[in-house]
Amino acid sequence: MPFRLLISIGLLCALLSLHHGAPGPDGTAPDPAHYRDRVKAMFYHAYDSYLENAFPYDELRPLTCDGHDTWGSFSLTLIDALDTLLILGNVSEFQRVVEVLQDNVDFDIDVNASVFETNIRVVGGLLSAHLLSKKAGVEVEAGWPCSGPLLRMAEEAARKLLPAFQTPTGMPYGTVNLLHGVNPGETPVTCTAGIGTFIVEFATLSSLTGDPVFEDVARAALMRLWESRSDIGLVGNHIDVLTGKWVAQDAGIGAGVDSYFEYLVKGAILLQDKNLMAMFLEYNRAIRNYTRFDDWYLWVQMYKGTVSMPVFQSLEAYWPGLQSLIGDIDNAMRTFLNYYTVWKQFGGLPEFYNIPQGYTVEKREGYPLRPELIESAMYLYRATGDPTLLELGRDAVESIEKISKVECGFATIKDLRDHKLDNRMESFFLAETVKYLYLLFDPTNFIHNNGSTFDAVITPYGECILGAGGYIFNTEAHPIDPAALHCCRRLKEEQWEVEDLMREFYSLKRNRSRFQKKTMSSGPWEPSAGPGTFSSPENQDQAREKKPVKQKIPLLSCPSQPFTSKLALLGQVFLDST
């Protein structure tokens, strides 16, 4: 089992581990050590400002030096920054924050939360931190990574999201109340990304807890989107989750759609699922045929392929990085260089950029310190070693420090034309932007492990391999160790007895030796058949057929509400198929 897993991880790492350190065109390249230190200083300026002025609120308001709740009330910046602390080497602060989160975060609250954002930031952040806990020196429970306080927190948060999936289509509502479920009258219109961005976190959660419900609902939502594509192979931007009817029919790779495509690729790699990759490659062909023009990607009508918005959105800058994951390096570099020209023009990426006019779009001139172009640079640098990618990292550090640094952190750039600032520092600045910058300049970071080192961990279900590399970043840049998904493979019914013993042990604080005697008396742990092996889609389907039939939950019924599209910026947004 460990050897087969290591081979798969090694193949992935081989594609992303080339680092030549070649000089730039002028004979020099940005000094990685210098910029690595600069990025670390950026992180602590922002992080310390949050702790001093905003904790326990979700996010920092850097212009007024205070905090506010944005996506719930979870001390969100602390969760989002946790794995970044370890990547920067700060194990003591990682350990402290783990204790703080356990003591202060409560999901049983009367708050309306975004299903999408809670999943990628909270569930993803907690899962990543859970899997990195041992590396950070946290004293983990017996049975880790199949148990642990951060895993239980992630599971609790994810269960609060499950009512959103109780729709006739299996596609989730966009918002759920963490205490009461889906509110009566909640709009049934959800963006495509808000439906198709769960498989990484939810499949990981199912694998670690043994409860298949999370992966099941994520796969059902993915499949319904796949079945809803147009005859020319495109998906729209917003869909009614009760009827399955497309409401906004603009097709592209940017806002409202982006991470759906990302999760097909990353889900395929994480789960070794050929079907998910086949789905993405089919979409990729349609995207190239209908939306790509001179290595830019436009927005088109999903049924006709006619251009609806000739704009580049900053969120689309993840695409070259995604292309690198499937080995399409040449196309990725050409598109990246297009996007880099926009950065050079403004010192950042405006939210919308009119490609024919070569300028920003009115009311979309801002840059909230997004990570996507830096993310693509990190992936492509691992694949090519091209010093141009380090130059982007250098430019990003210089621009962000010059334009957005204030006394209490880093502020969103409201307008790239005159550098006006906005009073917000998004949690993704510490989760993604700083992390990708640091990893771009740190070729020996443990995240870049090529499989040459690893840890063998004994779990209640057998031996498994962890820390060998091949980490899969969720769309909030929280790294998931793919090997961990093969550490806890047993049916939930078989796992309950083990988990009950573990929880009883820790709740009563029995001494370790007494617990060991108790567990050893029942004989050695027996691994389930084939743990840690990658199963084919066919075998997975057979396994799902053998599962007990779950009790059906009554479907929610919510009245439809009028929907005003936010995409009507340049030209018409298509609301029907005519």
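## Basis

Buried means under 20% relative accessible area, exposed over 50%, and partly exposed in between, with a 1.4 Å probe and protein chains only. The model is predicted: local features need pLDDT of at least 70, side-chain atom pairs count only at pLDDT 80 or more, and totals for chains, interfaces and linings use all residues. Residues are numbered from 1 along each chain as its sequence is written, and side-chain values use heavy atoms, with hydrogens and water left out.

## Disulfide pattern

Three disulfides (pairs of cysteine sulfur atoms within 2.5 Å) are present. With the bonded cysteines numbered in sequence order, the pairing is 1-3, 2-6, 4-5.

## Cys-65 and Cys-408

The sulfur atoms of Cys-65 and Cys-408 are joined at 2.0 Å. This link is right-handed, with 95° about the S-S bond. Cys-65 is partly exposed at 28% relative accessibility, whereas Cys-408 is buried at 6%.

## Cys-146 and Cys-488

Cys-146 is bonded to Cys-488, with 2.0 Å between the sulfur atoms. The torsion about this S-S bond is about -90°, so the disulfide is left-handed. Both partners are buried: Cys-146 has a relative accessible area of 2%, and Cys-488 has a relative accessibility of 1%.

## Cys-464 and Cys-487

Cys-464 pairs with Cys-487 at an S to S distance of 2.1 Å. The torsion about the S-S bond is about 95°, so this disulfide is right-handed. Cys-464 and Cys-487 are both buried.

## Cys-191

Cys-191 counts as partly exposed, at 21% relative accessibility.
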